[in-house]
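Colleague: Could you take me through the aromatic side chains of this model in some detail, setting them against the chain as a whole?

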Amino acid sequence: MIMTSSTTFQPVLERIAEEIGRTPGRGRPADYIPALAACDPRSFGMAVAELDGTVYGVGDWRQPFSAQSITKVFTLALDLAREGDALWEHVGREPSGNPFNSLVQLEYENGIPRNPFINAGALVVTDRLHTRTGDASGELLDFLRAESGNPELTFDKEVAASETAHGDRNAALGHFMASYDNIDNPVPVLLDQYFRQCSVAASCADLALAAAFLARHGIRADGTRLLTRSQAKQINAIMLTCGTYDAAGDFAYRVGLPGKSGVGGGIIAVVPGRCTLCVWSPGLDERGNSVAGVAALDRFTTLTGLSVF
């Protein structure tokens with residue numbers, strides 16, 4: 001089914017959900033964050049948001065889940081809108097090829113993270129946004145509420161507390177970068193902001209709508225411009241090359257869209273000029289990406305013919 005301008009996405013989503021429902025083996029929820037470990041790996045939801053705000057969904061698409069690293073896209077956009085290219089003096093734009101919480105590359109590269117979507121890079125971006133706003137996580141939450149149209153979005157205190165209690169690796173990353181003068185704020189303050197950011201609970205519908213500014217080339221839901229067209233292109237490009245940890249090449253090969261995953265089991269994806277998607281299923285593969293989520297996005301681009309390639 002190749003999509004035309006008059007075709008709705010609902011039949012495609014229903015077909016994908018039916019196929020996913022017959023697929024055995026969904027991976028395992030993230031167990032290093034205890035608050036996520038209890039999620040049912042058989043849960044599945046998927047939503048598509050068109051540029052005008054029309055949303056289609058299937059399965060658990062209205063069920064809030066822990067957004068985790070998906071929020072890195074939004075903090076990146078909010079900071080890039082404020083400081084522009086100066087950001088890239090502090091974080092790179094290259095795939096890492098290493099796990100998302102690796103310390104190894106930082107030492108070789110003098111405290112400059114390889115990209116904004118590994119944990120070290122996201123800490124830098126959150127730090128810089130916090131310096132500019134005084135409340136990075138609050139700025140993020142306000143943005144997500146406005147773009148999704150859901151004023152009830154909030155932080156999950158249990159998840160934030162769980163991450164804080166098991167956040168030694170992120171603390172190490174923060175202190176290591178601070179030793180290279182690449183962190184402005186006190187590391188405990190930064191970690192509090194970062195863990196709150198990652199704990200946002202949102203549904204597939206919420207996140208598909210919130211990400212639509214990237215499909216609209218930087219235009220927010222209210223018609224105002226957040227990013228230049230070039231900046232929106234930059235974020236989409238980094239999502240394509242770095243958005244699914246050290247599996248970005250395989251994701252680009254299978255799905256062919258800019259995407260960003262989180263260990264809560266969600267993945268957002270962008271079809272520039274057409275729509276945005278969010279899929280959620282908490283069972284992860286060994287690289288931290290949703291097994292059913294990647295499969296569903298693979299089927300979406302195959303069925304619709306919508307891809308950046």
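Modeller: This is a predicted model, and I would begin with its contacts: among those between residues at least 6 apart in sequence, 69% join residues at least 24 apart. The chain has 14 helices and eight strands, and its radius of gyration of 18 Å is close to the 19 Å that the globule rule gives for 309 residues, so the chain is as compact as a globular protein of that length. Of the 309 residues, 58% count as buried.

Turning to the rings, the structure holds eight aromatic pairs. In one of them, Phe74 and Phe213 are tilted, with 6.3 Å from centre to centre and 50° between the planes. Because Phe74 belongs to helix H3 (residues 71–83) and Phe213 to helix H11 (residues 212–215), this pair ties together parts that are 139 residues apart in sequence. Both Phe74 and Phe213 are buried.

Phe176 and Tyr180 also form a pair, and since their ring centres are 5.3 Å apart with the planes at 55°, that pair is tilted. Here, however, Phe176 counts as partly exposed at 24% relative accessibility, and Tyr180 is likewise partly exposed, with a relative accessible area of 34%.

Elsewhere, ring pairs link Phe9, Tyr56 and Phe300 into a cluster, while the ring of Trp61 has a charged neighbour, Arg62, which lies over its face at 4.2 Å from the ring centre.

Definitions and conventions
Residues are numbered from 1 along each chain as its sequence is written. This is a predicted model: local features need pLDDT of at least 70, side-chain atom pairs count only at pLDDT 80 or more; totals for chains, interfaces and linings use all residues. Side-chain values use heavy atoms; hydrogens and water are left out. Rings of Phe, Tyr and Trp (its six-membered ring) pair if their centres lie within 6.5 Å; planes under 30 degrees apart count as stacked, over 60 as edge-to-face and the rest as tilted. Helices (H or I, at least four residues) and strands (E, at least two) are DSSP runs, numbered from the N terminus. Buried means under 20% relative accessible area, exposed over 50%, partly exposed in between (1.4 Å probe, protein chains only). A charge sits over a ring if NZ of Lys or CZ of Arg is within 6 Å of the ring centre and within 35 degrees of the ring normal. The radius of gyration is taken over C-alpha atoms; the globule rule is 2.2 Å times the number of residues to the power 0.38. Contact means heavy atoms within 4.5 Å.
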